[in-house]
Amino acid sequence: MQNKRLFLLIISLGTSLSLWGQHQEIHSPPHLWKGKKSIAEDSTSLLFAFKHGKVHGNLRYFFMATENQDHLTAAHANAMGGGLFYETAAFKGFQMGVGGYFIYNMGSSDMTHIDKYTQTVSRYETSLFDLADLANKHDLDRLEELYLKYNFTKSSHMSVGKQLINTPFINLQDGRMRPTEVGGIYGELFPGKKNKLEGGYLYEISPRGTVDWYGIGESIGIYPNGTNVNGTKGNYKGNIESNGVYLIGYTHQLPQGNSLKLWNVFVENVFNTSMVQWDMKRGVWVTGIQYTQQQAVNDGGNEDPSKTYYSTNQKSRVISTKVGYESGKWKSSLNYTRITGEGRYLMPREWGRDPFYTFMPRERNEGFGDVNAYVGKVNYSFSKVPLKASLSYGYFQLPDVKNYALNKYGLPSYTQLNIDLSYEFVDFLEGLEIQALYVHKANQGETYQNEKYIINKVNMSNYNLILNFHF
């Protein structure tokens with residue numbers, strides 16, 4: 001076993017490694033495996049389909065470090081990994097895909113270390129490995145994909161099994177070593193050139209930062225549970241009953257690059273979420289508006305209010321907007337999100353990141369109500385070198401940390417700065433990509449001299465260096 005690990009390490013270092021594809025837009029296809037394509041050619045021979053399948057691979061290195069204020073614990077992590085994916089050619093419209101991934105913890109901080117001032121562990125670095133078992137350093141392999149797909153046409157298909165999907169509410173959230181995976185039945189249909197209909201039924205999920213597969217109810221609560229609306233400690237882990245998730249989405253492409261999106265996610269016995277989004281473009285100007293509404297289903301997951309996920313006394317409404325300028329190498333936007341004070345916006349963090357225009361990597365507005373978020377974004381793509389630069393800055397006005405009914409995780413209001421650089425090599429080093437991300441969050445709210453509201457939340461910096469090699 002030691003020789004095997006040493007061999008894999010040498011391969012990883014020798015090819016310069018690892019990651020890109022971070023923070024993939026949630027409305028884009030989940031093509032983490034670069035070069036992965038459906039094969040149109042069909043054959044009457046099953047042997048032909050297997051012999052003419054495609055293999056794709058990925059090697060990745062991820063360094064992350066978090067610096068907290070004063071004496072609060074800092075952390076760092078070095079993660080290394082790789083994976084292979086195989087998909088057959090088509091046989092009478094059918095294809096099969098299978099893929100797996102391994103991860104190694106290479107000289108990181110102790111993920112089980114508890115800060116003596118706040119009794120908390122590392123927030124960001126732990127999700128590079130196994131959040132369900134912080135002491136796990138070695139058993140970090142995961143079966144990523146195992147599905148059977150039927151192609152109705154070149155673009156329309158239906159898949160059954162373990163797979164990747166990228167939707168507004170259940171998505172890759174791929175800012176760590178491996179993304180969130182789902183198990184179920186999922187399809188994409190294209191009735192006409194301007195319409196896309198997608199959806200399905202999910203019965204299991206393997207969240208980002210874990211190595212196991214969980215039933216739908218079981219998957220809710222692997223991440224921190226925060227507080228109940230009355231201020232008691234959240235206690236829904238292992239207590240949510242749900243038979244699955246039903247989701248459906250419709251996209252209609254309008255003239256001049258405009259689009260309309262409709263989505264609904266029904267989590268049996270827990271909650272229902274609906275969203276409508278309209279994106280518009282006029283010349284170099286872009287605008288967008290998004291409305292989301294959700295409410296509990298039955299008892300919100302458990303008839304005991306102290307163990308439920310979604311309180312039946314709350315509901316949530318979210319309005320998110322943007323206006324931007326896009327011309328040539330420049331993309332910029334001003335964005336605003338309002339979550340009403342009727343209740344917390346809730347979506348299991350194990351399943352994906354926020355779909356709002358104001359989303360910034362390394363923080364979310366899930367778990368909060370009565371929110372005003374303001375974010376400016378600027379992106380520039382250099383012409384002479386394959387370099388992209390992004391700058392984002394936001395102010396997030398949240399309820400008081402002791403307003404438990406609207407502040408689930410005890411996060412004070414804050415400002416956030418993100419600086420993101422990515423470079424994609426060509427010629428001799430084609431396939432190698434590198435990304436550097438710096439995040440700083442500054443406190444703008446009352447913390448009552450309690451450092452549990454500060455550590456890994458505000459007055460902190462997060463550093464990321466990611467290398468990815470696709471083959």
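The paragraphs below lead through a few paired strands and then through several salt bridges of this structure.

What stands above is a predicted model, in which local features need pLDDT of at least 70 and side-chain atom pairs count only at pLDDT 80 or more, while totals for chains, interfaces and linings use all residues. Residues are numbered from 1 along each chain as its sequence is written, and side-chain values use heavy atoms, with hydrogens and water left out.

Strands here are DSSP runs of E with at least two residues, numbered from the N terminus, and two of them count as paired if DSSP finds at least two bridges between them. With 5 residues between them, β17 and β18 form a hairpin, and across this pairing Ala373 stands opposite Phe396 in β18. Strand β18 is also joined by 10 bridges to strand β19, residues 414-424, and these two run antiparallel; here Ala389 stands opposite Leu421 in β19. In a regular strand the side chains alternate between the two faces of the sheet.

From the strands we turn to charged side chains. A search of the whole structure finds 14 salt bridges, a salt bridge being a side-chain nitrogen of Lys or Arg within 4 Å of a carboxyl oxygen of Asp or Glu. One of them joins the side chains of Arg178 and Glu144, with 2.8 Å from N to O. Because Arg178 lies in the loop between β7 (157-163) and β8 (181-189), whereas Glu144 belongs to strand β6 (residues 142-151), this pair ties together parts that are 34 residues apart in sequence. Both Arg178 and Glu144 are buried, which is to say under 20% relative accessible area, calculated with a 1.4 Å probe and protein chains only. Arg178 and Glu144 also belong to a network of salt bridges that links them with Arg142 and Glu181.

Another salt bridge brings together the side chains of Lys261 and Asp279, at 3.8 Å from N to O. This pair links distant parts of the chain, with Lys261 in strand β12 (residues 259-267) and Asp279 in strand β13 (residues 271-282), 18 residues apart, and both Lys261 and Asp279 are buried.

Finally, Glu366 forms a salt bridge with Arg349, and their closest N and O atoms are 2.8 Å apart. Glu366 and Arg349 both lie in the loop between β16 (330-339) and β17, so the pair ties together parts that are 17 residues apart in sequence. Both Glu366 and Arg349 are buried.

Methods: Helices (H or I, at least four residues) and strands (E, at least two) are DSSP runs, numbered from the N terminus. Buried means under 20% relative accessible area, exposed over 50%, partly exposed in between (1.4 Å probe, protein chains only).
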